[in-house]
Amino acid sequence: MIGGYMGKVLEVDLNSKQVKKYALPHHMLELYVGNKGLGARLLYDLLPPATDPLSEKNVFIVTTAPLTGSGAPSSNRFNITTKSPLTGTIVNSNCGGDFGIHLKKAGYDALIITGKADRPVYLNIDGENVSIEDAAELWGLDTQKTQEKLPPKTGKIVIGPAGENLVKYASVISEERVAGRGGVGAVMGSKNLKAVVARGDQKVRVAHEEKFKEICKKWRELARQHPATGEELPRYGTAVFVNKCNATFTLPTRNYRYGTFSEADAVSGETLAEKYLVKNIGCRGCPIACGRLVEFKGKKIKGPEYETVGLLGPNIMNADLMAIIEFNYLADLLGLDTISLGNTLGFVMEAGEKGLIKTNLAFGKIDGISQAIEDIAYRRGFGDEMAEGVRYLSQKYGGEEFAIHVKGLEIASYEPRGAVGQGLGYAIASRGGCHIGGGYAIYLEANGPITVDPLTPLGKPGLVVLNQTTMEAVSSLGCCIFTVYMFLPRQLLELNARSPFASKLIRGTFLYGGNLIGRALSLPAWTLPVKPPFIMLPQVWAHVYCTGQRFTLGRLMELGKRVVNMDRIFNLREGLTARDDTLPARLTEELQRSEEPNSRVPLDKMLPKYYHFRGWSRDGVPKAKTLRTLRIDPQQSHPAAAVSSESATTGS
Amino acid sequence: MVEVRLYASMRAAAGEKRFFTDASSVKELLQQAEGRYGKEFAARLKVATILVNGKNIAHLKWRRTRLQDGDVVSIFPPLAGG
Ligand code: SF4
């Protein structure tokens with residue numbers, strides 16, 4: 001068996017209560033590795049095309065990766081993959097809670113849930129014993145109380161009332177970490193599945209123990225020494241981006257009307273650290289610990305992340321950080337994605353202002369927001385419609401030009417008219433308006449330490465291809481996406497800041513080399529038979545010593561490309577087309593700043609080139625040759641014959 | 001006057017959020033800041049990003065970028081988050 005894997009997948013059908021355990025074929029693990037990549041392949045193989053996401057036929061998949069639970073830093077992630085009720089696309093929601101570690105301890109690399117229970121239940125995985133337990137007492141409870149009532153010392157995923165009530169952007173919670181996007185919580189709710197609990201005593205077997213330990217130690221040191229991951233992120237949390245985005249016109253303000261907010265500093269990571277931070281918290285085994293524990297009404301609770309601050313702050317013209325802390329807390333208890341929530345509120349406020357919707361919600365007014373959040377989670381009154389998200393509201397009431405979503409997924413907290421490559425990323429991300437799935441080009445355009453011209457479309461398709469490929473690969477290795485920040489090592493940052501000539505060269509390579517990079521990325525893996533430099537991509541070295549498999553830079557890039565293409569063929573099978581790779585008119589037609597003629601996203605100048613670099617047709621369809629090179633089999637087939645099938649025991 | 005805004009650990013190292021200066025170039029401004037805030041601040045400047053009115057000086061004239069009355073200069077350390 002390859003190191004890092006437990007060798008088994010658990011499949012539970014809530015209709016028949018049948019439990020299957022089987023090994024995944026070796027070649028599947030080699031091609032798709034884990035987390036996001038493995039989830040994408042499994043969903044493609046297991047989900048009947050055109051399935052209603054909230055029907056019992058939808059498949060809910062939790063995947064881990066070889067590094068999950070191995071002791072590698074920042075790598076205890078698990079991934080939820082399913083068909084999104086918000087977008088109808090594939091959705092993969094990554095989470096740093098401890099469920100993945102415990103699922104592996106129980107002996108499984110992945111969990112697949114199909115069917116629908118006839119009453120509220122929770123799934124109890126205790127090593128080999130799998131039972132479906134009654135959840136009548138848990139139904140209706142918030143995510144915190146639910147976790148408290150479930151057996152201690154176990155890994156848990158739970159939903160809150162929002163998931164039970166099928167809010168289209170309901171989240172799943174594990175500890176205080178969130179798998180937020182795309183309505184994965186509603187899929188659990190539609191299956192009457194309140195929670196999953198896992199425990200066991202198995203250990204992750206690592207192929208080269210000594211070397212693995214040594215490399216992980218070095219990786220930890222590297223993360224601590226890097227100025228971004230070792231200092232700024234632990235010190236100020238992800239909300240440290242508020243001021244930087246504000247300074248670079250990329251902070252969404254007033255429902256993405258503007259890119260700057262005059263009171264940004266009041267809601268920044270610096271202010272959060274200065275006024276409210278009790279201590280840092282983070283995902284298990286992470287030396288960065290970017291999470292915040294803050295004081296709220298005498299309680300110590302999790303503080304908001306950058307995305308939440310941006311969308312429940314400047315995007316609704318709210319400069320009250322304590323109110324954001326409260327909204328975030330409430331959203332997590334109820335199980336709501338704060339990105340979609342903040343966008344929905346922003347849209348309703350603007351639609352209200354324009355007379356399209358009758359509402360008491362208004363920009364800059366925090367009264368009524370807590371009530372609106374509860375109304376959404378419980379689908380009360382107009383909350384029932386807000387629970388459907390921005391796309392639904394705009395199609396019903398008008399205002400599609402300022403409905404800030406892509407493919408139905410509300411856009412993350414980066415205003416792309418200040419970083420146009422990020423706009424391309426939003427348009428092509430498989431789950432919709434996602435900053436990470438779209439390659440996060442903004443880091444090399446506006447909010448990172450080395451930036452190219454943020455407003456030119458030149459070179460951006462290549463840049464997006466490079467970033468997206470790397471991030472999809474790192475995510476499939478099971479690592480936190482923030483580990484990618486080490487891709488720009490301190491030495492490079494110093495050189496960039498010291499020498500204008502070197503800086504020009506570095507930036508030129510990113511920007512004008514974008515086309516070259518894009519082209520190079522369409523080459524097969526064997527053309528890059530080298531190990532990536534440790535200081536830039538330590539994750540790959542840990543993966544090699546964990547699995548015992550050879551893994552080159554070429555294979556890493558190929559993995560990333562494979563995941564992007566897998567997602568793409570899933571979405572195409574579900575009926576999406578190139579027409580869905582678009583942005584709201586506000587972002588492509590309205591100038592963000594009247595004095596800056598380039599402050600809108602020239603999507604039409606970037607999209608064809610992106611397709612080209614990806615080896616897709618002009619209609620955005622992967623060519624047969626592309627799939628062949630990436631060894632993607634477009635045939636749908638069940639991943640393995642069941643090796644054991646039994647009935648789950650049922651609780652009282 | 002030019003307003004200089006300091007962020008994250010640049011702010012912590014300086015002990016204040018902002019200062020005003022009549023420096024006529026970024027170079028002069030940075031010399032003033034180093035003198036004003038000392039060694040730790042100067043060390044952090046080695047990897048800092050400097051923006052003039054939201055534009056990275058790497059896209060302007062680097063440290064020779066001229067400053068005018070009313071300009072806003074922002075100084076950031078390398079950040080991560082998202
Ligand atoms: S960097 Fe933050 S999000 Fe990533 S693993 Fe560490 S604590 Fe979790």
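This is a predicted model: local features need pLDDT of at least 70, side-chain atom pairs count only at pLDDT 80 or more; totals for chains, interfaces and linings use all residues.
**Scores**

Start by colouring the model by pLDDT. Chain B has a mean pLDDT of 96, and 100% of its residues are at 70 or more. For the model, ipTM is 0.98 and pTM is 0.97.

**Domains of chain A**

Select chain A and colour it by domain.

Keep domains 2 and 3 of chain A on screen. In the contact, domain 2 of chain A contributes 20 residues and domain 3 of chain A contributes 17 residues. Together these two domains bury about 1,400 Å², and 56% of that lies on carbon and sulfur atoms.

**The ligand site**

Centre the view on the ligand. The space that the ligand takes up is the largest cavity. Which residues are around the ligand? Select Arg77(A), Arg177(A), Gly282(A), Cys283(A), Cys286(A), Ile288(A), Ala289(A), Cys290(A), Cys480(A) and Phe482(A). Sorted by class, this shell holds seven nonpolar residues, one polar residue and two charged residues.

**Between chain A and chain B**

Finally, show both chains and look at where they meet. How many residues does the contact take from each chain? Chain A gives 41 residues and chain B gives 27 residues. The size of an interface is often expressed as the accessible area lost when the parts come together. Between chain A and chain B, the buried area is about 2,600 Å², with 57% of it from carbon and sulfur atoms. To finish, select Glu232(A), Lys244(A) and Ala497(A). On the chain A side, Glu232(A), Lys244(A) and Ala497(A) account for 19% of the area buried against chain B, more than any other three residues.

Definitions and conventions. Residues are numbered from 1 along each chain as its sequence is written. Chains are lettered from A and ligands numbered from 1 in the order in which they are written. Side-chain values use heavy atoms; hydrogens and water are left out. pLDDT is the predictor's confidence in each residue, from 0 to 100. A residue is near a molecule or strand if one of its heavy atoms lies within 4 Å of it. On a 1 Å grid over the protein atoms alone, a cavity is a set of points where a 1.4 Å probe fits but cannot get out, and a pocket is an open set with protein on both sides within 12 Å along at least five of seven lines; lining residues have an atom within 4 Å of a point. A molecule sits in a cavity or pocket if more than half of its atoms lie within 2 Å of its grid points. Ala, Val, Leu, Ile, Met, Phe, Trp, Tyr, Cys and Pro count as nonpolar, Asp, Glu, Lys and Arg as charged, and the others, Gly among them, as polar. Contact means heavy atoms within 4.5 Å. Buried area is the accessible area (1.4 Å probe) that two parts lose on being put together, summed over both.
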